[in-house]
Amino acid sequence: MSPVTAGVLQLLALTAALALAYRPLGDYMAKVYSSEKHYRPEKWIYKAIGANPSAEMRWPAYLRGVLAFSAMSVLFLYLLQRLQGVLPGSLGFASIDPDQAFNTAASFVANTNWQSYAGEQAMGHVVQTGGLAVQNFVSAAVGMAVAVALVRGFARSRTGELGNFWADLVRGTVRILLPISVIGAIVLVACGAIQNFAGIHEVGQFLGGTQQWNGGAVASQEVIKELGTNGGGYFNANSAHPFENPTPFSNLFEIFLILIIPFAMTRTFGRMVGSLRQGYAILATMAVIWLGFTALMMWTEFAHHGPAFDITGGAMEGKETRFGIGGSAIFSVATTLTSTGAVNSFHSSFTGLGGGIQLLGMQLGEIAPGGVGSGLYGMLIMAIIAVFIAGLMVGRTPEYLGKKIGTREIKLAACYILITPALVLCFTAAAMALPTPPHSMLNPGAHGFSEVLYAYTSGANNNGSAFAGLNADTQWFNSTIGIAMLLGRFLPMVFVLALAGSLAEQKPVPETAGTLRTDKPLYAGLLVGTIVIITGLTYFPALALGPLAEGLAS
Amino acid sequence: MNNSVGNTARLLGAGLRALLVLTVVCGVLYPLAVTGIAQALFNDKANGSEIKDKTGQVVGSSLIGQRYDLPKQNPDDATEAAKPDPKWFQPRPSNGLGSNSVNTQYSLILSGATNKAADNPDLVKLVTDAKAAVVADNSTATYKVKPSDVPADAVTSSGSGLDPNISPAYAALQIHRVAEQNKLDVKQVDKLVADHTTGRTLGFMGEPRVNVLELNTALKALTES
């Protein structure tokens, strides 16, 4: 069997597995977020928080909950790293410097997991397991909570109430993320991922001498790193490291974990707004983009254009033998079309056009299928823009899911889609214009520019992967990428929740013959077109200077 | 004003308490539970899949690639290029692998890739030189390696720098050299490689591969028997 055939079969198997899990998981999540019942352990948690989980919140209150929780998370994670040197259970590792500790705290709370440190030499057990891995759970649960609040905005009428943030946060964590993680972690250990609390481990080598590894709770962190679309590796090599991703099966399993919640949330959405077909239209849009990007990536990586690859005969630089080109291409598209940013192969050494596909995937806004929660709300914002454009064409006030998209709604949606491009392009321009930041680039020419563009694209979109040749552990990059990650995560949430509040207050508009049917293939096509055009117009000049220049030259 | 300060403080307090409770659940109970189950069910794997040679000596992890180089001429010279030991099967290059630059009380392996782009002249030189070396090192009096026979994995560094595997094509290319160096029959070594070749999982997942440490351990057992 040729590697291409094997790659295609892996993609088909993955698609089949996702299709099988789609309904049960999507329906289950809808039940979790709609249920009135609180389990006993959850009641203990609410009691500790001091919150009444049944109290409905309007959008400002919901937002304040999100921000208060996230602010405390940043502070806690920052202090944990700054104090690492004196905390027991930290392998004797030193405390992290202020700029890097800020960057890392912002990164993990913003569900980005950009890493300017190398895990195995910098972070001990306490920070990894008690700090970083915890944010892998809760930052994901915050994203899902905001998405569910927006869905409630569509589903509810004549009320401003969007649910209870604390209840959504806790349920997302303990009813959805934790149970899947426990099972997933055991599967990964069965494949060979390590799971222990040993110290630095010294083992003999074949030709004598010894080598030193870290022990660690790797499998338990790896599973939520993928499932919560986080992406921060225990080791520097992330999911390319054999202790994180030991076998071809664990590789496909991890890709499955990355994609399953974002895809299944379209089912949750359909259930909660009372029309599964609306969810399918969103699903179809996501799936078309995902499959299209994966096909393009496989094509360019198997074709392996580029001076070095003409000599080697294959684009294997930065890729692991056990995954091959196919398993690496599928992973890299899944990770950049979601907000994950985990890597099983190093993006900087992909072909020029392959790097462009990764960049464009993030620049679409990570909505196909996107991060847990953030993918769904990002896509719904695009859906609103699409009905608005369709409304302009026929001169009719647009509606979506029985809600009028008026001036206020479209302003909020427009603000949402402007934030990340503004952050990416302004910070990239500033970094290139200033004298010192470009010194961080590893590769010469167009690829060096791509490294910087990639860094801010990844940060502002909360992805976290990198063209990792860039030396990002400088005060400039630690600070600016940290700011980009926080603004790129929380400003959009402000607009999403404001929009949700405004939609929930409306009374539904009855559907007429003139209403655009948003559950039809025609609309899904329109939505794909809208996404491509908006992103293309925003980023084309920057892409032309970086990956397109590199890809077309070879 | 006072009222709003009080409200903010109350809210931040709730945020902090929520974080602490969830830290206990997700950062203490969950990893401990998983570790308990993992240690009980998959003790070997949870601790790093170590393998032993026939004397019972641990020779490394089956998942972590190693170098098989000749001893340095001058052990104190950090710049001396390592020379592959022709007796053993050679792994992929690992130019992205580093050693730790912080917490230097340890000498940890720092996993990583080169991150060099396909049009980077450094990478072009690295792969050109690597290819020439693979051709030269593996050609014997009776067996000439053609540059077109050299597979991509033989001259490129992996993502982790710790790739434990090589492609069957790269292993096949080394058979004549290894047989000659160890005074073994080519057929014997050929069989050894075939025995240590893993196909795709279920026939389609991943790529066929040969685990270098396992292969060399078996080779050592064969030469000593």
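**Overall fold and local backbone features of chain A**

Of the 554 residues in chain A, 64% are buried, a residue being called buried if 20 or more other C-beta atoms, placed from the backbone, lie within 10 Å of its own, exposed if 12 or fewer do, and partly exposed in between. The model is predicted, so local features need a pLDDT of at least 70 and side-chain atom pairs count only at pLDDT 80 or more, while totals for chains, interfaces and linings use all residues. Residues are numbered from 1 along each chain as its sequence is written, with chains lettered from A and ligands numbered from 1 in the order in which they are written.

Chain A holds 18 helices and four strands, taken as DSSP runs numbered from the N terminus (helices: H or I, at least four residues; strands: E, at least two). Its radius of gyration is 22 Å, close to the 24 Å that the globule rule gives for 554 residues, so chain A is as compact as a globular protein of that length. Here the radius is taken over C-alpha atoms, and the globule rule is 2.2 Å times the number of residues to the power 0.38. Along the principal axes, the C-alpha atoms of chain A fill a box of roughly 75 × 55 × 50 Å. Among contacts in chain A with a separation of 6 or more, 78% join residues 24 or more positions apart; a contact requires C-beta atoms, placed from the backbone, within 7 Å.

One helix pair can be followed residue by residue. The axes of helix 8 (residues 218-227) and helix 9 (residues 248-273) of chain A come within 7 Å and cross at roughly 45 degrees. Val223(A), Glu226(A) and Leu227(A) of helix 8 meet Glu254(A), Leu257(A), Ile258(A) and Ile261(A) of helix 9.

Several loops of chain A carry backbone features worth a look. Ala368(A) and Pro369(A) are joined by a cis peptide bond, with omega about 0 degrees, and Pro369(A) sits in the loop between helix 13 (352-363) and helix 14 (374-394). Arg158(A), although not a glycine, has a positive phi of about 55 degrees. This arginine, Arg158(A), is found in the loop between helix 6 (125-155) and helix 7 (165-191) and counts as exposed, with 9 C-beta neighbours inside 10 Å. His304(A), also not a glycine, has a positive phi of about 45 degrees. The loop between helix 10 (276-303) and helix 11 (307-312) contains His304(A), which is buried, with 22 other C-beta atoms within 10 Å.

Notes. Contact = placed C-beta atoms within 7 Å. Axes fitted to C-alpha atoms, helices over the stretch in contact; angles between N-to-C directions.
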